[in-house]
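Me: I am new to this structure and would like to go through a few parts of it with you, one question at a time.
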Amino acid sequence: MRTRRIQDAMGKREKRGKQNFPSGNGQPTGDRRSPASQGDFGGQLLRWFDRNKRDLPWRRDCDPYHVWLSEIMLQQTRVGAVVEHYNRFLERFPSVETLAAARLSTVLAAWSGLGYYRRAHRLHAAAREVVHRRRGKFPATQAELETLPGIGRYSSAAIASIAFGQAVAAVDGNVERVLQRVLGRSIRGNPLWQIATERLNARRPGDFNQAMMELGATVCLPREPKCCLCPVQALCRTQGELERFPTARRRAKQAVDYALDRRRDLVFLLRRSRQTTLMPGMWELPELPTSQRSSGPWLTLRHAITSTDYLVRVAKVRLPPGTKGSWFKASRVGQLPLTGLARKILRQAKVI
Ligand code: SF4
């Protein structure tokens with residue numbers, strides 16, 4: 001089934017030494033620069049960060065709730081797409097207590113549009129744990145943070161360093177790329193974490209980690225690094241020339257068909273199984289029965305999920321009696337926990 005194929009694709013996506021480090025005088029050796037010291041690297045990086053960091057809402061304070069929320073939202077989602085959701089989510093749930101007290105369906109509805117709803121489930125579970133088991137106090141160390149639902153090695157390090165000043169390195173995809181290029185070696189896993197830890201500026205660990213991520217996100221870009229703007233260019237062994245990082249795989253294309261049955265102020269929606277691993281319990285449009293696919297679509301739109309570009313065709317139909325699902329007043333639909341695609345369709349159809 002096509003719906004199943006979408007689920008499969010989304011499931012796959014669900015998922016963000018000084019001895020080897022360049023040090024020295026910044027003079028070229030052949031077409032490479034000689035190594036530079038650890039201190040130079042950290043200092044140059046932090047000076048650049050202080051001058052160039054983006055003004056992001058979660059950077060305005062080091063409140064653990066704000067830092068935690070931003071880190072969870074930034075997992076698998078770009079900064080540009082997160083800012084608006086982050087502000088709206090905070091308006092709705094201004095504290096970990098309000099988040100913990102909310103119903104899961106309300107949290108999922110507020111999360112709608114960010115995708116990867118497993119993150120929202122775990123965020124809600126973690127909020128309840130902080131409030132009910134820890135009396136509203138966030139764990140302050142990486143090791144303790146990692147015991148909360150949805151917080152892994154990277155997120156716990158990022159939160160511990162930014163919100164609590166713990167001197168731990170955080171290595172995400174951006175940091176990995178920057179370090180590999182600076183070192184001129186394809187190094188991953190624990191050895192890379194070890195090097196990141198040795199490079200960490202222990203006086204400003206949170207800023208250092210954010211600076212590394214910022215450098216990877218804005219200058220040391222995957223395809224075309226802007227080396228001429230890079231604060232550590234003189235300390236970088238590759239300067240963007242060496243590595244062949246994996247390029248994006250060719251994207252698959254697929255068409256899917258959905259049914260929009262709207263009668264007066266009512267809309268028909270289908271709830272996803274609570275047992276499914278992906279977006280359990282969320283509402284979406286029912287798939288269009290094959291028997292009703294003969295007429296042309298009323299609405300077409302594109303929707304990208306992981307490595308697949310979907311051509312989504314929506315037909316306005318009257319679904320046969322007995323079709324599984326429920327009727328909702330259009331005025332209520334916006335408050336439901338909708339899948340991102342359902343929300344997109346219903347917005348374009350001017351239902352919400
Ligand atoms: S932007 Fe260029 S110079 Fe800077 S770390 Fe990346 S590859 Fe090296």
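Me: In which sense do strand β4 and strand β5 pair, parallel or antiparallel?
Reply: This is a predicted model, in which local features need pLDDT of at least 70 and side-chain atom pairs count only at pLDDT 80 or more, while totals for chains, interfaces and linings use all residues. Residues are numbered from 1 along each chain as its sequence is written. Strands (E, at least two residues) and helices (H or I, at least four) are DSSP runs, numbered from the N terminus, and two strands pair if DSSP finds at least two bridges between them. Strand β4 (residues 262-263) and strand β5 (residues 266-271) are joined over two bridges, and their sense is antiparallel.

Me: Which residue in the turn of the hairpin formed by β4 and β5 has a positive phi?
Reply: Arg263 has Leu266 of β5 as its bridge partner. Two residues lie between the strands of this hairpin, and the one in the turn with a positive phi, of about 50°, is Arg264.

Me: What is the bridge partner of Leu270 in β6?
Reply: Strand β6 (residues 283-284) is also antiparallel to β5, with two bridges joining them. The partner of Leu270 there is Glu284.

Me: Which residue with a positive phi follows α6?
Reply: Helix α6 covers residues 104-111. After this helix comes a residue whose phi is positive, near 105°, namely Gly113.

Key. A residue is buried if 20 or more other C-beta atoms lie within 10 Å of its own, exposed if 12 or fewer, and partly exposed in between; C-beta atoms are placed from the backbone.
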